[in-house]
Amino acid sequence: MWTKICGATGDADIGLLAELGVDLIGLWHGVPGGHADLTSAQLTRLAGLTTARGATPVLVTFVRDATTLRTVTSASGTRWVQLHGYQPPALVAALKAEGLTVVKVLHLRGEDCVERPLIASYERAGTDLFLLDSVTADGQVGSTGVPPAPDAARALAQRLTRPFLLAGGIQPDIRDRYAELTALPGFAGIDVDSFARGQDGAFSAERVTALRQAWGAKGGTS
Ligand SMILES: O=C(O)c1ccccc1N[C@@H]1O[C@H](COP(=O)(O)O)[C@@H](O)[C@H]1O
């Protein structure tokens, strides 16, 4: 099982997360107003550091334009892209044509998945990995801290033909609620922002370790 921790902003974040055995480190770019949004220079620096420390950098973005993403991934050396907004299947296909690994978020609102009618198109376009995350009733997307409804997430995961990560308020003591989902062959790991941070907003070694232990992380994306 992989652990992905999202929203690193400095060298110390990368050092800590890599040291703790985190497999995938989410770096935000093209997230206007996001608390962890990076300039392209910052993205390039942190992506290089992540790779050097043996973890995989993941560009997390709301950007919808293929040309922009081509430029950013090529400049930063980032080979994984997480499309966290409502980007269309055509963008997945364009990024796959560049040889990138594409993670597409599927948003769960209560029992419904907003992208349900498009799932087959995302699969045909070459999505490598889905990420199940919550969207709140008022439309907030990303770092909601709200866990997806377990039965709805399991039912959605069961119809996917690609592996998937689980996100949305993931923390150690809710692991049992997802026993059926994590038993599915496609379950690839967890993706966390809110719980991984202490009260000061910085990543906490204690919290990341507790997450990995509770969810049974082993490590290694390559
Ligand atoms: O938090 C955001 O505003 C955000 C913006 C753009 C892309 C992703 C964002 N957050 C992501 O949400 C998941 C789950 O976070 P949490 O554990 O519920 O806090 C994670 O991938 C964050 O990077």
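Guide: Accessible areas come from the Shrake-Rupley method with a 1.4 Å probe. Here the protein chain has an accessible surface of about 9,300 Å², and 50% of that belongs to carbon and sulfur atoms. This is a predicted model, in which local features need pLDDT of at least 70, side-chain atom pairs count only at pLDDT 80 or more, and totals for chains, interfaces and linings use all residues. Residues are numbered from 1 along each chain as its sequence is written, and side-chain values use heavy atoms, with hydrogens and water left out.

Visitor: Where is histidine 107 found, and is histidine 107 buried or exposed?

Guide: Strands are DSSP runs of at least two residues (E), numbered from the N terminus. Histidine 107 belongs to strand E5, residues 101-109. With a relative accessible area of 0%, histidine 107 is buried.

Visitor: Which side chain does a polar contact join to that of histidine 107, and which residues does histidine 107 touch?

Guide: A polar contact is a pair of N or O atoms within 3.5 Å; within protein, one must be able to donate a hydrogen and the other to accept it. The side chain of histidine 107 has such a contact, of 2.6 Å, with that of glutamate 115. For contact in general, the criterion is heavy atoms within 4.5 Å. Not counting residues up to four places away in sequence, histidine 107 touches residues including His84, Tyr86, Asp112, Glu115 and Asp133.

How values were computed: Helices (H or I, at least four residues) and strands (E, at least two) are DSSP runs, numbered from the N terminus. Buried means under 20% relative accessible area, exposed over 50%, partly exposed in between (1.4 Å probe, protein chains only).
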